[in-house]
Amino acid sequence: MTNTHPVPGTETRDFPVTRPDSCPFDPDAAYARLRADEPVSLVRCPAGMDAWLVSRYQDIRSVLSDPRLSSRAAGSNHMLPSYDGRDPLPGFMIQLDGEEHTRLRRLMMREFTVRRVEALRPHIQKITDERVDAMLAGTSADLVRDFALPIPSRVICEMLGVPYADHLAFQRDSEVLMGFEADEATRDAAARRLEDYLGELVERRLVEPRDDMLSRLISRADETGRPLTVQELATLGVLTLAAGHESTASMIALSVAVLFRNPERMAALRAAPASIETAVEELLRYLSVIQFGLLRYATEDLTVGGTEVKAGEWLVAALPSGNRDESVFPGPDTVDLERRAPTHLAFGFGPHQCIGQQLARVEMQVALATLLRRLPGLRPARPLVQADFKLNDIVHGLRSMPVVW
Ligand code: HEM
């Protein structure tokens, strides 16, 4: 599946990847120009293929909900050093289409309903309070290592039935997979270790089921009565484990960094904790952590935003650009924590829209509200410009952020 249809006479730009020095939360300045002048524009991706970069909010929603556009072997693979077009493993629902995808999604949905996630809120609060207690026992901490990462990581481990004691190993491997720097052999080894690890857990739950998601998925057959295979269960487990902690951890850490840069907004949010839900939605919009957007593949000829796209061509739905579309979000580059706006695109759109979004919301709401309440003097230990941002990973985030209070 390589793009063999470069459009004659059309200029191909490099994929926009450069965040401005002035603000580490703003996407590449090229997006604003593209939205105005060339909303569907041909770019050369790091993986080597040319793709139509779709930069406006409405066009992105059309792309992500169009059944003629495939997710197969797509995801963020346009950012890899090279694209190998390998088919996804069975169970890797984020890169499957149609009935193959719906079957898995239906089986998974029941774990992530609003009701089920709300029932977890008191437990998420307890985990968060324990992290703050541990921080308060000292005088400084790394907000990523000691707070932002352990909260979603423990929650998803407990949901799935994965021992949290193993977190260092699987966090290291999922970080390799979320980055684009490791060579193919290193990525393959990390993926295999995660698959083997989850595969062993599945085998154990087959013999001895517990009250956890893996055990429930084992006992749940699809509408045709077909149960999930061990391979599907292991792959679903890897996907949920990785997706379940990386993006939320990044959102928590980056949100705190945004509040540090906007102390008056931080004070206003501390004074009005009931507005945390609105604030979290705005932070999701403003930060758009799936920073290089979502790749799709045209299975038929179609038109996107007035541009003809041929079967066999690639498209990228640029989420960070859609979330800064001035026709939908006035003053898009300002983080306005009281903004009431149409739904943002941070969780995607259409059939693959994030299945864990409600869980992510509750984790962010609890984590941020608790930090503001219990650590009123929280501030960065070093100037933010020195912070170690993840500029070359699927998910924008921070590697560490030393803080004092
Ligand atoms: C702030 C945190 C999060 C963000 C920004 C985020 C973002 C996204 C996006 C953009 C997609 C769509 C991908 C596509 O269309 O190709 C997605 C899908 C998915 N996410 Fe999340 N996610 C977050 C948290 C979570 C959590 C907490 C979980 C699980 C516990 C999770 C599990 C998944 C899964 C399994 C899919 C695939 C759904 C499907 O293919 O039907 N995510 N996420």
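In the predicted model, A73 is placed in strand β4, which spans residues 69-75. Although A73 is not a glycine, its phi is positive, at about 55°, and with a relative accessibility of 1% the residue counts as buried. A positive phi is also found at S288, a residue other than glycine, where the value is near 35°. S288 belongs to the loop between α12 (276-287) and β6 (294-298), and its relative accessible area of 3% makes it buried.

The iron atom of the ligand has a single donor from the protein, the SG atom of C354, at a distance of 2.3 Å. C354 is located in the loop that runs between α13 (319-322) and α14 (357-374).

H101, which is part of helix α3 (residues 98-109), is buried, with 4% relative accessible area. When its neighbours within four places in sequence are left aside, H101 is in contact with M93, L96, P351 and H352.

The aromatic pairs in the model number seven. One of them is formed by F15 and F292, whose ring centres are 6.4 Å apart and whose planes meet at 65°, an angle over 60 degrees, so the pair is edge-to-face. Because F15 lies in the loop between β1 (13-14) and α1 (30-37), whereas F292 lies in the loop between α12 and β6, this pair ties together parts that are 277 residues apart in sequence. Both partners are buried, F15 with a relative accessible area of 5% and F292 with a relative accessibility of 4%. An edge-to-face arrangement is likewise found for the aromatic pair of Y83 and W314, with 5.4 Å from centre to centre and 75° between the planes. Here Y83 is in the loop between β4 and α3 and W314 is in strand β9 (residues 314-317), so the pair links parts of the chain that are 231 residues apart in sequence. Y83 counts as buried at 14% relative accessibility, a value under the 20% cut-off, and W314 counts as buried at 0%.

F15 and F292 also belong, together with F180, to one aromatic cluster. A further arrangement involving a ring is that of R285 and F329, in which the charged end of R285 sits over the ring of F329, at 5.2 Å from the ring centre.

Key. Residues are numbered from 1 along each chain as its sequence is written. This is a predicted model: local features need pLDDT of at least 70, side-chain atom pairs count only at pLDDT 80 or more; totals for chains, interfaces and linings use all residues. Side-chain values use heavy atoms; hydrogens and water are left out. Helices (H or I, at least four residues) and strands (E, at least two) are DSSP runs, numbered from the N terminus. Buried means under 20% relative accessible area, exposed over 50%, partly exposed in between (1.4 Å probe, protein chains only). Contact means heavy atoms within 4.5 Å. Donors are N, O and S atoms within 2.8 Å of the metal (3.2 Å for Na, K and Ca); water is not among the atoms, so sites may look incomplete. Rings of Phe, Tyr and Trp (its six-membered ring) pair if their centres lie within 6.5 Å; planes under 30 degrees apart count as stacked, over 60 as edge-to-face and the rest as tilted. A charge sits over a ring if NZ of Lys or CZ of Arg is within 6 Å of the ring centre and within 35 degrees of the ring normal.
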